[in-house]
Amino acid sequence: MRQAIKDKQMLCYLTALSLTLSVIESSLPHALPFLRLGLANLALLYALERLSTGDYFLLAFFKWLLSSLLSGLLFSPFSLVSLAGNAASAVLMLVLYRTLAGRLISLY
């Protein structure tokens, strides 16, 4: 029971961190309109070791939902593109981490 509460607290903390990094990144100038640094993905990288798979994907969903809501693009077609990119990066990070971490790549 106590571990479940700590996991949910970590999920809330990482969601807030991801949202903060997303807001900071959106205020930075972009070289190209579609090119972003992906600072909010740092929270997802940190979550790879600390959250369960379900909570990891929940964090990715919250990252997309809240950043789309704050940027005002939640009900636009770009939001679906953002959801697809967010889901693809989350799945790829998880698969690469689970299969190659420690042997060929590191978390950093």
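**View A. Arg50 pairs up with Glu49 in a salt bridge, their closest N and O atoms being 3.2 Å apart.** A salt bridge here is a side-chain nitrogen of Lys or Arg within 4 Å of a carboxyl oxygen of Asp or Glu. This is a predicted model, so local features need pLDDT of at least 70 and side-chain atom pairs count only at pLDDT 80 or more, while totals for chains, interfaces and linings use all residues. Residues are numbered from 1 along each chain as its sequence is written, and side-chain values use heavy atoms, with hydrogens and water left out. Arg50 is partly exposed at 37% relative accessibility, and Glu49 is partly exposed too, at 45%. (Buried means under 20% relative accessible area, exposed over 50%, and partly exposed in between, with a 1.4 Å probe and protein chains only.)

**View B. Asp55 and Lys8 make a salt bridge, with 3.1 Å between the closest N and O atoms.** Asp55 sits in helix 3 and Lys8 in helix 1, so this pair ties together parts that are 47 residues apart in sequence. Asp55 is buried, at 8% relative accessible area, whereas Lys8 is partly exposed, at 43%. The structure holds two salt bridges. (Helices are DSSP runs of H or I, at least four residues, and are numbered from the N terminus.)

**View C. Helix 3 has 19 residues and a buried side.** From first C-alpha to last, helix 3 reaches 27 Å, close to the 27 Å expected at 1.5 Å a residue; the expected span is 1.5 Å times one less than the number of residues. Its buried residues are Asp55, Tyr56, Leu59, Ala60, Lys63, Trp64, Ser67 and Ser68. An α-helix has 3.6 residues a turn, so residues three or four places apart point the same way. The cover over the buried residues of helix 3 includes helix 1, helix 2 (41-50) and helix 4. Just past helix 3, Gly72 takes a positive phi of about 80°.

**View D. Leu58, Phe61, Leu80 and Leu83 form a nonpolar patch on the surface.** Together they have about 330 Å² of accessible area, by the Shrake-Rupley method with a 1.4 Å probe. Leu80, in helix 4, is exposed at 59% relative accessible area.

View E. Glu25 is buried, at 3% relative accessible area. Leaving aside neighbours within four places in sequence, Glu25 is in contact (heavy atoms within 4.5 Å) with His30, Arg36, Leu37, Gly38, Leu39 and Ala40.

Key: Patch = residues over 30% accessible without salt bridge, like charges linked within 9 Å, V, L, I, M, F, W, Y side chains within 5 Å. Helix = DSSP H or I, 4+ residues; strand = E, 2+ residues; numbered from the N terminus.
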